[in-house]
Amino acid sequence: MQHRVRAVLLTPNDTMLLIKRIRPGIDPYWVIVGGKIEPTDASPQEALLREVREEIAGEAEIVSLLHTSETDDERQDFYLATIEKWSFEDRTGPEFSQEGRGEYLLEEIPLTAAALDAVNLLPQDFAAVLREAVERGELLATRRS
């Protein structure tokens, strides 16, 4: 079973960082920063911090596990994390240099239901979980505590 970790990264601007994917022949969509747990990762949390370093050259602080999604062949753990600084230009993930992968654009999205509704966030089941957390004010409360 493939195990992936993802981070809802909350910024000091009361936004979250999402990656917009643009690929030929597919409508644009947004994803949460993260990826596969590698055999060399000591834990899911260490894998997540590595992915944040690779994908946005940032250092995150994990707050809590927000949601887990599981299918027959994949498990995804979605963490809530805060981040102060990042540099998308300095990213190092191997996917960024692979031919034919399309574009990756880092965007700051306000922590509002309307902002989430305006993007095609995948996976959709997690987008619904995240929207509910936003509506309850959980993300802003986390950022300010």
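A nonpolar core is a set of buried Ala, Val, Leu, Ile, Met, Phe, Trp, Tyr and Cys residues joined through side-chain atoms within 4.5 Å. With that in hand, welcome to this predicted model. In the largest such core, which has 20 residues, Val-8, Met-16, Leu-18, Leu-121, Leu-130 and Leu-139 touch the most other members. Helix α3 gives this core its largest share, five residues, and the structure also holds ten salt bridges. Below is a friendly tour, topic by topic.

**The nonpolar cores**

- In soluble globular proteins, nonpolar side chains tend to be buried together.
- The 20 residues of the largest core include Val-8, Met-16 and Leu-18, which are among those touching the most other members.
- Six elements each supply at least two residues of this core: β1 (2-10), β2 (15-23), β3 (26-36), β5 (74-83), α2 (113-117) and α3.
- The largest contribution, five residues, is that of α3.
- If you click on Leu-139 and skip its neighbours within four places in sequence, you will find contacts with Val-8, Leu-10, Leu-80, Leu-111, Leu-130, Ala-133 and Val-134.

**Helix α3, face by face**

- Helix α3 runs over residues 124-135, twelve in total, and spans 16 Å from its first C-alpha to its last, close to the 16 Å expected at 1.5 Å a residue.
- Which residues of α3 are buried? They are Phe-126, Ala-127, Leu-130, Ala-133 and Val-134.
- Viewed down the axis of α3, these buried residues fall within an arc of 125°, so they line one face of the helix.
- An α-helix has 3.6 residues a turn, so residues three or four places apart point the same way.
- Gln-124 and Glu-135, on the other side of α3, are exposed.
- Just after the helix comes Gly-137, with a positive phi of about 80°.

- Thr-15 belongs to strand β2.
- Is Thr-15 buried or exposed? Its relative accessible area is 10%, and because buried means under 20%, Thr-15 counts as buried.
- The side chain of Thr-15 makes a polar contact of 2.6 Å with the side chain of Glu-108.
- Apart from neighbours within four places in sequence, the residues in contact with Thr-15 are Leu-9, Leu-10, Glu-108, Ile-109, Pro-110 and Leu-111.

**Backbone spots worth a look**

- Most residues other than glycine have a negative phi, and most peptide bonds are trans.
- Asp-14 is not a glycine, yet its phi is positive, at about 55°.
- Asp-14 sits in the loop between β1 and β2, where it is partly exposed with a relative accessible area of 24%.
- Ala-57, also a residue other than glycine, has a positive phi near 50°.
- You can find Ala-57 in the loop between α1 (44-56) and β4 (60-70); it is partly exposed, at 31% relative accessible area.
- Between Leu-122 and Pro-123 the peptide bond is cis, with omega about -5°.
- Pro-123 is part of the loop between α2 and α3.

**Salt bridges**

- Side chains of opposite charge can pair when their charged atoms come close.
- How many salt bridges does the structure hold? There are ten.
- Asp-117 and Arg-131 meet through their side chains in a salt bridge of 2.7 Å, N to O.
- This pair links distant parts of the chain, with Asp-117 in helix α2 and Arg-131 in helix α3, 14 residues apart.
- Glu-59 pairs with Arg-53 in a salt bridge whose closest N and O atoms are 3.7 Å apart.
- In that pair, Glu-59 is exposed at 51% relative accessible area, while Arg-53 is partly exposed at 36%.
- Arg-136 forms a salt bridge with Glu-132, where the closest N and O atoms are 4.0 Å apart.
- Arg-136 counts as exposed at 53% relative accessibility, whereas Glu-132 is partly exposed at 43%.
- A network of salt bridges links Asp-41, Arg-50, Glu-51 and Glu-54.

Methods
Residues are numbered from 1 along each chain as its sequence is written. This is a predicted model: local features need pLDDT of at least 70, side-chain atom pairs count only at pLDDT 80 or more; totals for chains, interfaces and linings use all residues. Side-chain values use heavy atoms; hydrogens and water are left out. Helices (H or I, at least four residues) and strands (E, at least two) are DSSP runs, numbered from the N terminus. The expected span of a helix is 1.5 Å times one less than its number of residues. Buried means under 20% relative accessible area, exposed over 50%, partly exposed in between (1.4 Å probe, protein chains only). The arc is that of the directions from the helix axis to the C-beta atoms. Contact means heavy atoms within 4.5 Å. A polar contact is a pair of N or O atoms within 3.5 Å; within protein, one must be able to donate a hydrogen and the other to accept it, and residues adjacent in sequence count only if both atoms are side-chain atoms.
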